[in-house]
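Take a look at the complex below. We will walk through it one part at a time.

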Amino acid sequence: MDTAATTDLGLLPHYCLAGYLLLLLGIGLWGFSKRQAGEEDYYLAGRGQGWMLSSLTIMATFFSSAAMLGAPGMVYKEGVVFALFALNVPLSGAMIYVLGNRIRELGRTHGHVTPADLICSHYGSPVALRCLVALIGFLYAVPYVVIQIQAGGIISSQLFGGEHAFEIGACLLSLVTMLYIMIGGMRSVAWTDALQGTLLMGGMLLAGAAAVAALGGPSAFFAKVAELPRTSLTVPGTTGSFTPEKLFTLCIFGALGSMIQPAQWMRFYAAKSAKALRRSAVIFTLGLTACFLFGVMLVGLGGQVLYPVAKPSADGTFEYQVQIDGQAVAVSEADLADGGKPLPHPDIGAGPRDFDKIMVVVLKRHLPELLGPTGLLLATLVIIAIMAAAMSTADSNLHALSAVLTRDIYAGILRPNASEKSRLWVGRGVIAAATLLALGMVFVSRGSESFDPIGMIMPMSLLAIAFSSQLLPVTFDVLFLKRGSRQGAIVGIVAGMLVVLMFSPLLAIVTGSDSAAVGLFARLKQIADIGFCGVAVNVSVFALISIIGKRN
Amino acid sequence: MEPTAANPTKRHRRLGLVLFAVFALAMVMGPGPGLRLVNPEPTAARESLLFLGLPVIYAWGLFWYGVQAAVVVTACLTIWKPSDD
């Protein structure tokens, strides 16, 4: 069965998507009509967001295509072990208050807008540290925006089909997102996030319910799941990638890194009160984790039953398909656990990165089968919710990137005397330039066999989080310890970022994909999370230089 | 000294440490090395992969999610409250 054989949704997706995009642009215009003069209003909506808006915008920024496509894709590929990654969400929730409230208080007192404002005012480093913090913001935001645009393309190609559906979807998502951020700033971003957050929470739970219902209800679902290959039901998963130690470091640094990235940091500044962040922390912890555990993770697990990745052999073991030199080759479970790259079921896709499509395929085929015309409508709405997840993360990151590059680099270093009006226009220019850059990267990656910096959605997201995790040591020092030195902070961040870069595709591009260095870092990646490796080096260097500096 | 309403800071500090310890335990046990305690051996019978009909490591995750959620709700109702504006 190919994609064309899936349920035809007719023109319904066209109408729903058009209505949704028009609504977003309307919110953008509404945000513009409510604007007040000044940077603080454009970037932080006047620091007046209440608990409902704060919780929804923080959740929508956290939710991305990684949550809606990448997480079920990973469960579909690796099995139930990846569902436990959802346990990073309560830690993120707790950080909304523990870190967020202190950031909010300092921001309000001193008029901070970006992360660099707070960190640099503490260490008294107007240039070097500011550049580094801005660079981290850039390295987090650009890959994250790239993968959201890619997700928009995937959804469009699944929803509409046709030769250029991917390109049209990616361009449409980018253009509409860019427009409403440029028009209305934080107020528009937060209100569109509120709409998108509501839509995608409902979408996540509905997707899980669809997967369970497609297999005949909860009892039948888990009875069929129990027959999956042993590696799908145990640790370290199908390919042997997720040892408990790796999963542990991934959860810790995934949670902390995604909560101190610039877009979330600015949401803490924008919160009206401690109460707003306190309530947001609880809503985030209870609601979002449930959406993962009882929603999208079940789609991945049900996907393994509906679209098996492995075929049972006569001796009771399972056989997988892997891609070697462009050809599909059958291998045993044991061979796969040594780090092979399995292929999904042919109905899902033909390449190793097509696991991410499981969510859309399950929704598009099984909801209409179960519920008829209502199912058609619900499938369309949930698929649009996935697009909402991509757009809400892209808008927050583009908006934060605009603040970081304009305030920290343009006004902080290049033109300190620039007027507020010129800064706002530069900020809008940054949004347009970053959107076009991200869109260009998506198309280059898609059109080239040899250059593929994006790969699957989830690994790319984790690399971006690893970069933002390099702000953790200085953030904890600024907020709690207050013992580090400026030199220690600078050298620590540089060391941490270099370590993370070693894990990126850059190393393979520079040294060749079969070099010893690439092999070494690939082995390290099997043991622990990339962010953890970077932070371990970062903290050690930061502490050492701070201690040496104080003794001298 | 017994914690009373008159010395909330000390009481909250103690409660904060307890909550931190429980949350850290949940992180270590849920998605961390504690998983090895329940992860079935490669040679174990197929029934040992399940607990109450659910994959055992999924059930393990749900339990520790409950612990994490309880810690955050308790912190919200107790130690985080006094700093409200």
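The predictor assigns the complex an ipTM of 0.90 and a pTM of 0.88. For chain B, the average pLDDT is 86. There, 86% of the residues score at least 70. Among the elements of chain B, helix 2 has the highest confidence, with a mean of 96. Strand 1 (residues 50-51) of chain B has the lowest, at 89. Residues 1-6 of chain B need care. Their pLDDT stays under 50, and the model has 4 contacts for them beyond four places in sequence. Where pLDDT is low, the predicted coordinates should not be read in detail.

Turn now to chain A. Its domain assignment gives domain 1 (3-31 + 42-308 + 351-445) and domain 2 (483-552). The centres of domain 1 and domain 2 of chain A, taken over C-alpha atoms, are separated by 27 Å. Their contact draws 13 residues from domain 1 of chain A and 12 residues from domain 2 of chain A. On the domain 1 side, helix 8 (128-160) and helix 12 of chain A each supply at least two residues. Which of the helices gives the most to that side? Helix 12 of chain A does, with 6 residues. By class, the domain 1 side has 6 nonpolar, 5 polar and 2 charged residues.

Helix 12 (residues 244-259) of chain A meets helix 24 (residues 530-551) of chain A, and their axes come within 8 Å. The axes cross at roughly 75°. An angle of 65 to 115 degrees counts as roughly perpendicular, so helix 12 of chain A is roughly perpendicular to helix 24 of chain A. Helix 12 of chain A brings Thr249(A), Phe253(A) and Gly257(A) to this contact. Helix 24 of chain A answers with Gly531(A), Phe532(A) and Val535(A).

Last comes the contact between the chains. Here 31 residues of chain B are in contact with 36 residues of chain A. On the chain B side, the elements that give two or more residues are helix 1 (8-29), strand 2 (54-55) and helix 2 (56-77) of chain B. Helix 2 of chain B gives the most, with 11 residues. Recall that helix 2 of chain B is also where confidence in chain B is highest. By class, the side of chain B that touches chain A has 21 nonpolar, 7 polar and 3 charged residues.

Definitions and conventions:
Residues numbered from 1 in each chain as written. Chains lettered and ligands numbered in written order. Predicted model: local features only at pLDDT ≥ 70, side-chain atom pairs only at ≥ 80, totals over all residues. Contact = placed C-beta atoms within 7 Å. Helix = DSSP H or I, 4+ residues; strand = E, 2+ residues; numbered from the N terminus. Nonpolar A, V, L, I, M, F, W, Y, C, P; charged D, E, K, R; others polar. Axes fitted to C-alpha atoms, helices over the stretch in contact; angles between N-to-C directions. Parallel < 35°, antiparallel > 145°, perpendicular 65-115°, else oblique. Domains from an automatic or database assignment. pLDDT = per-residue confidence, 0-100.
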